[in-house]
Amino acid sequence: MDKSIQLSELNVGYGQTVVLNDVNISVAPGEIVCLIGANGAGKSTVLKTITGQLKKLGGVVYLDGNDKDAMTESDVAKSVSMVMTERIHPELMTCFDVVATGRYPYTGRLGFLEDSDKSAIYEAIEMVGASEIINKDFSKISDGQRQRIMLARAICQDAGVMVLDEPTSFLDLQYKLDILGVIKRMAATKNVAVLMSIHELEFVPAIADKVIGIAGDEVYVAGTPEEVLTGENLEKMYGMKPGSGDVICSGLWNYSTSIKRLL
């Protein structure tokens with residue numbers, strides 16, 4: 001059955017403090033949904049709640065129609081993969097070794113790789129364009145290369161849902177384009193449901209099928225990029241001066257038209 005993710009009346013936050021109330025989001029197979037909003041709006045909090053890094057404060061996360069709380073840890077790992085902003089620091093691991101950890105839900109604790117696991121690893125590495133660095137020490141490659149490897153790890157996990165927290169942050173422009181291009185192709189070719197946060201609004205129209213805009217303690221607006229990325233909405237979400245949103249939108253849409261041709 002195709003994989004999907006649905007958040008139903010989800011409350012998220014830290015400890016007992018709710019940051020966002022009644023979050024309702026659904027992502028279908030092959031669809032890319034982008035979360036946008038000001039820094040501290042709660043985008044990462046939503047994603048960390050989905051992946052289990054934070055305890056939910058109410059509501060339900062459904063994976064393929066199943067309540068995540070009723071699923072085993074192994075089944076969750078086979079259903080949802082993630083690329084988060086936290087930097088990992090593996091000791092004495094090659095890039096191949098790091099990508100291979102994406103197969104742990106299938107190999108068990110011993111981590112013995114079958115031929116099918118190795119095929120999935122090499123396919124993911126090739127998909128992100130990282131074949132030339134697979135034997136390099138992960139700790140000695142660039143940030144852009146690390147992000148490719150982390151994306152390859154998530155891809156070879158072969159989950160139907162992928163969650164990404166600002167996957168293009170801290171990267172040079174070409175790396176940003178490369179990563180977004182891989183995400184777009186992966187969603188289309190592997191039919192993966194992608195939910196990602198992003199702060200570079202100029203890339204959103206080029207990659208997103210739907211956009212979720214956060215303001216205050218709630219989802220303020222949801223819809224297509226054309227429906228969400230308006231001057232009025234940007235002013236509300238980012239606390240901009242009246243009239244400035246239309247100026248930003250004009251440049252944003254002109255730029256995004258060119259970006260689409262590069263992905």
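1. In H1, the buried residues are Lys43, Thr45, Val46, Leu47, Lys48, Thr49, Ile50 and Thr51. The helix spans residues 43-51 and is mostly covered, with eight of nine residues buried. This comes from a predicted model.

2. What follows the helix? Just after H1 comes glycine 52, with a positive phi of about 90 degrees.

3. Now the sheet. Six strands form an open sheet with mixed pairing. Their order is E6-E7-E8-E3-E9-E10. Strand E6 (80-83) lies at one edge and strand E10 (218-223) at the other; each pairs on one side only. On average, neighbouring strands of this sheet are turned by 20 degrees against each other, direction ignored.

4. Where does H1 sit relative to the sheet? H1 packs on it. The helix touches strand E3 (32-36), E6, E7, E8 and strand E9 (210-215). The direction of H1 makes about 145 degrees with that of E7.

5. One strand pair deserves a look. Strands of a sheet pair through backbone hydrogen bonds, either parallel or antiparallel. Strand E7 (residues 161-165) and strand E8 (residues 193-197) run parallel and are joined by five bridges. Which residue of E8 is the bridge partner of methionine 162? That partner is valine 194.

6. Helix H6 (residues 143-156) lies across E6 and E7. H6 runs at about 175 degrees to E6. E6 is also an edge strand, and H1 touches both E6 and E7.

Notes: Residues numbered from 1 in each chain as written. Predicted model: local features only at pLDDT ≥ 70, side-chain atom pairs only at ≥ 80, totals over all residues. Heavy atoms only, no water. Buried < 20%, exposed > 50% of the residue type's maximum accessible area, 1.4 Å probe, protein only. Helix = DSSP H or I, 4+ residues; strand = E, 2+ residues; numbered from the N terminus. Pairing = 2+ DSSP bridges. Axes fitted to C-alpha atoms, helices over the stretch in contact; angles between N-to-C directions. Contact = heavy atoms within 4.5 Å.
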